[in-house]
Amino acid sequence: MVCLLLIAITLGLNACTFPSPTVPDSNRAAPAQSNLPVGRLTSPLTPRLWLVTDVPGVLDAAAGITPPAVPAIPAQSGFRATWVTDWIKATLKLIARDGISANRAARELMLISVALNDAMLVADQSGEQLDQIALLAGAVHPVLRYLHPQHSDEIDQWVNDSLWTGLQLRDPVPQARLERSFQIGHATGDHIVAWARTDGSDAFREIALPASGGWDTKKLPLDPHWGNVKTIALPAGDAIILPPPPAWESEQMERERVMFREAQSGITDEHRDLAW
């Protein structure tokens with residue numbers, strides 16, 4: 001449930017950021033999602049697969065994945081993710097550490113949330129007895145490495161420590177079950193990464209800046225192609241068009257200014273750490 005609620009937030013952020021006035025065909029919903037009403041989200045409280053469209057194919061691919069070896073010394077990193085929220089928090093730490101922009105931070109949280117959600121639903125449809133902790137560790141492994149390759153060694157350690165947590169329980173989980181759980185999660189994560197590599201977010205855009213005038217030529221526009229990035233929860237990036245802001249001298253704008261000042265006055269060091 002927590003995962004699905006996070007999906008609702010992060011998908012909305014990722015889908016609504018800088019919508020493009022004209023949306024290319026590549027940004028239209030896939031046929032499997034063509035029944036989504038324009039401008040509306042399907043209920044995040046109804047369990048559904050977001051990106052995995054071939055569960056048997058994912059389960060078949062899982063058999064070819066080699067799980068990490070059992071570590072000689074367990075929990076070397078001191079990190080054990082036993083819940084969905086643990087992996088969300090770990091992703092937020094990496095986002096803060098690397099100073100990821102708001103657009104891309106929303107996309108990262110969306111991809112992680114979808115990987116966790118789809119892995120759990122694939123596991124449910126498999127009918128196998130699996131370990132959820134190992135399953136989730138497998139799901140985030142390829143996604144986090146794709147998003148933050150410079151931290152691959154640290155991510156590997158987090159995943160290994162979480163994967164083998166079941167061996168240190170009072171009633172140990174069989175190693176074969178942990179390995180199979182990891183394989184199914186990892187195959188799901190691989191599927192999410194394959195989709196992410198084609199969503200257009202990594203596209204290169206050459207920006208021609210005027211020689212003089214209104215541009216600060218020391219700064220480039222932030223993600224100018226973001227309105228063309230493929231969406232998931234929305235049928236297309238232009239499905240939701242935000243209204244213009246209120247007039248500067250209006251009472252509504254004054255209320256928003258007051259709210260902004262109050263929010264700024266309550267910023268903590270933790271907030272600043274997350275922002276940077």
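**Helix packing and charge–ring contacts**

In this predicted model, the crossing of helix α3 and helix α4 is right-handed, a crossing being right-handed if the near helix is turned clockwise from the far one by less than a right angle, and left-handed if anticlockwise. The contact, defined by heavy atoms within 4.5 Å, is made by Val84, Trp87, Ile88, Thr91, Leu92 and Ile95 of α3 together with Ala105, Glu108, Leu109, Ile112, Ser113, Leu116 and Met120 of α4. By class, this contact of α3 with α4 has 10 nonpolar, two polar and one charged residues, where Ala, Val, Leu, Ile, Met, Phe, Trp, Tyr, Cys and Pro count as nonpolar, Asp, Glu, Lys and Arg as charged, and the others, Gly among them, as polar. The axes of α3 (residues 84-98) and α4 come within 10 Å and cross at roughly 155°, which makes α3 roughly antiparallel to α4; angles under 35 degrees count as roughly parallel, over 145 as roughly antiparallel, 65 to 115 as roughly perpendicular and the rest as oblique.

Residues are numbered from 1 along each chain as its sequence is written. Local features need pLDDT of at least 70 and side-chain atom pairs count only at pLDDT 80 or more, while totals for chains, interfaces and linings use all residues, and side-chain values use heavy atoms, with hydrogens and water left out.

Helix α4 (residues 102-126) also packs with helix α5 (residues 132-147), their axes coming within 9 Å and crossing at roughly 145°, and this crossing is right-handed. Among the residues making the contact are Arg107, Leu111 and Ala115 of α4 and Leu135, Ala139 and Val143 of α5; by class, the contact of α4 with α5 has 15 nonpolar, one polar and two charged residues.

For helix α2 (residues 55-62) and helix α7 (residues 175-196), the axes come within 8 Å and cross at roughly 120°, and α2 and α7 are therefore oblique to each other. The crossing of α2 past α7 is right-handed, with Val58, Leu59, Ala61 and Ala62 of α2 meeting Arg180, Gln183, Ile184, Ala187, Thr188 and His191 of α7. These residues divide into six nonpolar, three polar and one charged.

Two charge–ring arrangements were also identified, with Arg48 lying over the face of Trp50 at 4.1 Å from the ring centre, and the charged end of Arg257 over the ring of Trp248, 4.6 Å from its centre; the criterion requires NZ of Lys or CZ of Arg within 6 Å of the ring centre and within 35 degrees of the ring normal.

How values were computed:
Axes are lines fitted to C-alpha atoms, for helices over the stretch in contact, and angles run from 0 to 180 degrees between N-to-C directions. Helices (H or I, at least four residues) and strands (E, at least two) are DSSP runs, numbered from the N terminus.
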